[in-house]
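Dear colleague,

Please find the structure below for your reference.

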Amino acid sequence: KLIKQALLNLMLNATQAMSGGGGLMLAVERQGEHVVLSVTDTGPGIAADDLARIFEAYYTTKKGGTGLGLPMTRRIVEEHGGSVRAEQRSGGGAEFTLRLPLGEGR
């Protein structure tokens with residue numbers, strides 16, 4: 001349930017970043033003993049200065065934002081033994097990648 005919340009946070013951020021429209025892509029891939037989930041958008045992307053701080057609590061670039069969504073996403077993923085990474089895409093937009101260990105019943 002918490003991983004669902006983490007993905008929802010990423011999808012909501014992507015949708016808000018693309019206020020003028022755009023594309024949102026989700027991908028899931030198994031890599032050995034891990035599952036990798038990617039959330040990619042075609043929005044304006046994330047400025048380099050912001051990229052270094054987006055997982056800090058209370059840091060936001062959105063008017064009216066709390067700055068808690070991405071730190072919460074990171075905490076959820078890390079509590080499940082995983083990691084989250086954000087990148088600026090070369091063609092525009094942003095990509096968030098969650099890497100999680102496979103659970104029991106793989």
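Thr40 stands opposite Glu95, a residue of strand S4. In this predicted model, strand S2 (residues 34-41) and strand S4 (residues 94-101) are paired in the antiparallel sense, over 7 bridges.

The pairing of S2 with S4 belongs to an open sheet of 4 strands, with antiparallel pairing and the order S1-S2-S4-S3. Strand S1 (24-31) and strand S3 (83-88) stand at the edges; each has a single partner strand, so one side of each is left without a neighbour in the sheet. From one strand to the next, the twist averages 15°.

Two helices lie across strands of this sheet. Helix H1 (residues 2-17) lies across S1, S2 and S4, and runs at about 20° to S2. Helix H3 (residues 69-79) lies across S3 and S4, and its direction is at about 25° to S4.

Tyr58 is found in the loop between helix H2 (48-51) and helix H3. Most residues other than glycine have a negative phi. Tyr58, although not a glycine, has a positive phi of about 70°. Is the residue buried or exposed? Tyr58 has a relative accessibility of 64% and therefore counts as exposed, the cut-off for that class being over 50%.

Yours sincerely

How values were computed: Residues are numbered from 1 along each chain as its sequence is written. This is a predicted model: local features need pLDDT of at least 70, side-chain atom pairs count only at pLDDT 80 or more; totals for chains, interfaces and linings use all residues. Side-chain values use heavy atoms; hydrogens and water are left out. Two strands pair if DSSP finds at least two bridges between them. Axes are lines fitted to C-alpha atoms, for helices over the stretch in contact, and angles run from 0 to 180 degrees between N-to-C directions. Contact means heavy atoms within 4.5 Å. Buried means under 20% relative accessible area, exposed over 50%, partly exposed in between (1.4 Å probe, protein chains only).
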